[in-house]
Amino acid sequence: MISKSSRTVTGYIVLVLISTLLLTGCWDRHEIQDRSFVLAVAVDLADEGLEHSTKLETFAQGGTPKPLRLSLQVLALAPQTRGENKPSKTYVISNTGRSMHEMLRDANGQNSKPLWFEHIQSIIISEAAVRKFGLTPLIDLFRRDAEVRWRTKVYITPQDARQFLDFVPPTGEAGGIFMSNISRQEKDLHIAGTNTDLGATSVRLDNKTDVVLPAIELSGKQIKVNAMAVFKKDKFVEYWDEYTIKGAKLLLGIEKAALIAFQCPLHPDETVVFEMFQQDTTVTPHIEGEQISFTVDIAMRGNISEISCSGEHDATDKTFMDKSEALFAQEVQRNIEHSLRVMQNAGVDDAGFGRNLKAYEPKTWAKIKDRWDEVFPTIPLTTHVRVSIQNTGEHK
Amino acid sequence: MGNLERRTSMSPAQFALLFAVIGTGTAVLVMPATLVPVAEQHTWVSVILGAGLYFLAGTIFIKLGDCFPGESIVEYLPRIWGSALTVVTLVIFTGMILVQTSVRVQSFGREIVFFMFDRTPIEVVILSFLVVCTYGAVQDLGTIIRMAQWLLFLSAPPMAALLLLSMINIQFINFFPIWPVNIVGIVKGAIYSWPYYWGYEVLLILLPSINRRTTNLVAAMASSFLFKISLMLLALISTIGSMTVEGVKNIIYPTLLAVRGIELPGTFIERLDNYLLLSWIPFGYITIVIWIYIASVTWCQYFGYKDHRPFALIFSVVIYIASMSLHDFSIYLNMVETSRLLGFGFSVLIIPAAYVVVRWKRGRCKDDK
């Protein structure tokens, strides 16, 4: 005769055993070997002819035009033996259409595994595409998709974007990762790598403020992030060079490690370089009647990093130091004024003056926000720069 | 062997922990998307004002209960405004619980499917979730209290840590302008904050179970409000600071995106939003458990039964059916609005009205100081 407690114990054991049938793992899992990781995306205008296309790179879509080409750089996962360090292999699949999502979905027809977007590192968009469609529709899908990272790098190129996906980095990294990592070197890059990724761009678009994105170019086997593409809201305007961007970053107080070069006062053919490593910037709006103006106070610290006529100088000499600090400050001021002039000519408020007014002078902002495009180019700026040299390196 | 978890009473501190878990995950995840479009830069004022408003409501709940020591609302309400109005009040109370719970369950299903199990039908996610919640709700009060404590200590630290970590992306200019103050928006935001503070309503049923010889119950409840305020302010600082007011207005789950934006240079740490979701699930679970339990005990007491479990099963089915009807986004949003109005009306109008009637009939209750 089985006792009541034995029956209870047996019942529990049976229940536990049955429940294991339901605990065999998550059926909604996606095994790593069953996915194709997309590392980079390129968006172009579709070719006029079939120069870069095959007839399979499109799909039936009710006869609607297919003005865009979407290309995906996919990681080719391959097993590696212990100690082996093979370069990453990637391949590119491409499609044409109007809707990004439709093109992505149809691109699955060219691949043996589902495409996975959680690891997209770089989105490269051709200038021609943003000129025709604006930025918002081209990145909308990536802003909505929960898989896509907020820190994905977005680049604009004056060339065809598709060709960047074929780029094979010398480091052995996958191209998408290589391109993304370029902009992650926020301290060592001439252009703005931070605050220009997908998340920051999305926030700027939500705020209806102007957008800047790093520009990338390819030449032979080299690529370079070398300028910024500038947008009025989401409409492409022009490119700004490194010097303009440096001034803008100094004005915004987001420069991490600017190099500031000036002509040696004693040897006009020679150059002295200051490497800034700390910057405190205060931008203050002033309202006098109808006139809006700004002052920017910058205190920066850094080291002298290079003197091309070093044999002729004692870099630790107080007179040289004082003169250098004044000349560095002048150069920073000149750089900022240059950048502001470029911004005002383009009508692109990358200086954040509008944002500053909205935050600290909301009543004035409420009056002028509708005609900000007219007001911004007329705003004067007074710049005060203080430079402190902290070190001169290993040599005098 | 006796069930060691079987209890019929709890301390004020245990009540504070129980109240602290109710709705807190939603408060962190969803609150910015609801309140920032209304109160904008001043949402933090709405959060504090809302806490004051609902703390006051909670205090009235306690004072009302104190007029009838040892009794729950089911027992004392007929003596305040008769049996017919009592049934109406209890139906509204249960309706508020069921509507808000159905909305939460639907919301849970949406978020899990959208962020984690995109190939699993939402019906399956909701059904499995409700089965587990129902299993929790058919337990004794002691077990539920213990679960709430464990899950609070399991979920709150990672949630707070992730919010703190997201501070690396904030920009102070995003919190300005401080002036002018949008008073209408702030008041509206305070009223709308009810779903993030709800939970004190359990006092209507559980007050007789609270052993108040040690800690002051009002002070204990205040500590829970402070806990909720702290997490909500952290969520606001994190979202507005990193994405601006306009950015938050345009995002469905701003807190998740603020945490997704964390990237620690030189480390592999990224996509931390998954961990925020994981820390939110226990809060969601225990919230539903507690409310199914409370709704069941309410009607169990009304009909004079000792076992609340059949009611828990019935209400779980009702919640499943109700949440299934909310798949359409516009219907879902309407129901969110309805549940907010029901909750606000019940807390700020109906129960305070009952208290006014008691005071009018009886003068000061003997425990009033």
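The model is predicted: local features need pLDDT of at least 70, side-chain atom pairs count only at pLDDT 80 or more, and totals for chains, interfaces and linings use all residues. Residues are numbered from 1 along each chain as its sequence is written, and chains are lettered from A and ligands numbered from 1 in the order in which they are written.

Chain A consists of domain 1 (32–78 + 86–240) and domain 2 (245–391), with bounds taken from an automatic or database domain assignment. Their C-alpha centres are 33 Å apart. Contact here means that the C-beta atoms of two residues, placed from the backbone, lie within 7 Å. To this contact domain 1 of chain A gives 17 residues and domain 2 of chain A gives 14 residues. On the domain 1 side, β8 (222–232) and β9 (235–240) of chain A each supply at least two residues. Helices (H or I, at least four residues) and strands (E, at least two) are DSSP runs, numbered from the N terminus.

Between the chains, 20 residues of chain B touch 14 residues of chain A. On the chain B side, α5 (73–115), α11 (217–249) and α12 (254–260) of chain B each give two or more residues; the largest share, four residues, belongs to α11(B).

The table divides two of these sides by class.

Helix α11(B) spans only 37 Å between its end C-alpha atoms, whereas a straight helix of 33 residues would span 48 Å at 1.5 Å a residue; the expected span is 1.5 Å times one less than the number of residues. A kink of about 105° in α11(B) is centred on B:Met243, the bend being the angle between axes fitted to the seven residues ending at a residue and the seven starting there.
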